[in-house]
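Please keep the structure in view while reading.

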Amino acid sequence: MAARVLVTGGAGYIGSFCARALTAAGYEVVVADDLSSGHPEAVDCRLVELDLRDRAGLGRLLGEGFDGVVHLAGLISVGESFEAPGRYVDVNVRGSLSLLDAMREHGVDCLVFSSTCALYAPSDEALDEDVALAPLSPYAETKLLIERAIELVRRQGLRAYCLRYFNAAGAAADASLGEAHAPETHLIPIAIERASRGQPLVVFGDDYPTPDGTCVRDYVHVLDLAEAHVRAMERLLAGAPGEALNLGTGRGASVREIAALVSRCLGRELAVELGPRRLGDQPSLVARATRASRSLDWTPRWGLEDIVASACAWHRAPRYGPGRGAA
Ligand SMILES: NC(=O)c1ccc[n+]([C@@H]2O[C@H](COP(=O)([O-])OP(=O)(O)OC[C@H]3O[C@@H](n4cnc5c(N)ncnc54)[C@H](O)[C@@H]3O)[C@@H](O)[C@H]2O)c1
Ligand SMILES: O=c1ccn([C@@H]2O[C@H](COP(=O)(O)OP(=O)(O)O[C@H]3O[C@H](CO)[C@@H](O)[C@H](O)[C@H]3O)[C@@H](O)[C@H]2O)c(=O)[nH]1
């Protein structure tokens, strides 16, 4: 019988790719999502509309019997988290504690959790998992709190991977799934949107200690991220204890480099306008992902050009628009 996996946040951007990849790998997948920003059209398995903070509802769902959980549900914006820190604690931390509690009650002891590279203290070097943790934003603080809670619950038998993604980007090769946040805060979709409308991209600061003064990020294809989740779940179900792992490519790209790539890919000029720094931004976040490569036998298959090309193709004909929570 196929192992059953619950994917929280599976109607969202990364979650919809994970749910699809897990289904393709032979798992029976159920998505739980409150659709606050997710898209029912992005889900091709059973979708249960549920807020993770609804502990009773979660208990009923997990009581159906699951072998593992991939937990992506939550609020995701570094900038917004400064305006609404309490909401970030409530949704991200309380939602995750509710999930951990329901998993314990129903004997589900395999968890793959979406964490972030934004946990790391600023550094000029590529980041491995042993770099000191010093989150700069309330968003990243909530992820650290959840990682710590997971570490504590390990003592009660939980096995878990905390996957620290760098910057997720890109779309499905056939443009059937892609990124559709509203409002969009992520650089690549914003740059594509601005170029398409003939509007300038606002660069948040150009006085960072990086080669061209703009922030450097490690963009990793969402298809590669989804594959890492499948491998992590496989290993947990085979008895692995799990650990914290970076998921990135090791290649950094500045905001200006992304603007140039998008412009080339669309064959349209993208003007760049200087704006102020954005609160909570790290100058540079680039992965050393050798541990994931060793533990999950995972190496990214897609590069930055593939990421931008697939995101541009998705933008030309998105299959779904802004979610229910759109501003
Ligand atoms: N996008 C990135 O680059 C990136 C990088 C690092 C980590 N992450 C993490 O990956 C996860 C997924 O990110 P994404 O970009 O796909 O975001 P997303 O907003 O597209 O997906 C999040 C999903 O969670 C759902 N959700 C929110 N609150 C919920 C709640 N209380 N109960 C049930 N469902 C709820 C939303 O409706 C949405 O479908 C998040 O946890 C995010 O912090 C993302
Ligand atoms: O209009 C824009 C949008 C973004 N940026 C810059 O582009 C870079 C990337 O920004 P963004 O795409 O918003 O990603 P991050 O702020 O790095 O955050 C993402 O990546 C983190 C990991 O790095 C995750 O934890 C977060 O959930 C996810 O939103 C940053 O330097 C931004 O300042 C601009 O200059 N102009």
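**Two helix pairs**

The axes of helix H6 (residues 187–197) and helix H10 (residues 304–316) come within 10 Å and cross at roughly 55 degrees. Axes here are lines fitted to C-alpha atoms, for helices over the stretch in contact, and angles run from 0 to 180 degrees between N-to-C directions. Helices are DSSP runs (H or I, at least four residues), numbered from the N terminus.

This is a predicted model: local features need pLDDT of at least 70, side-chain atom pairs count only at pLDDT 80 or more, and totals for chains, interfaces and linings use all residues. Residues are numbered from 1 along each chain as its sequence is written, while chains are lettered from A and ligands numbered from 1 in the order in which they are written.

H6 and H10 are therefore oblique to each other; angles under 35 degrees count as roughly parallel, over 145 as roughly antiparallel, 65 to 115 as roughly perpendicular and the rest as oblique. Ile188, Pro189, Ile192 and Ser196 of H6 meet Val308, Ala311, Cys312 and His315 of H10, where contact requires C-beta atoms, placed from the backbone, within 7 Å. The residues of this contact divide into 6 nonpolar, 2 polar and no charged. Ala, Val, Leu, Ile, Met, Phe, Trp, Tyr, Cys and Pro count as nonpolar, Asp, Glu, Lys and Arg as charged, and the others, Gly among them, as polar.

In the second pair, the axes of helix H2 (residues 55–62) and helix H4 (residues 85–105) come within 9 Å and cross at roughly 40 degrees. That angle makes H2 oblique to H4. Arg55, Leu58, Gly59 and Leu62 in H2 meet residues of H4 including Ser98, Asp101 and Glu105. The contact of H2 with H4 comprises 5 nonpolar, 2 polar and 3 charged residues.

Technical notes: Contact = placed C-beta atoms within 7 Å.
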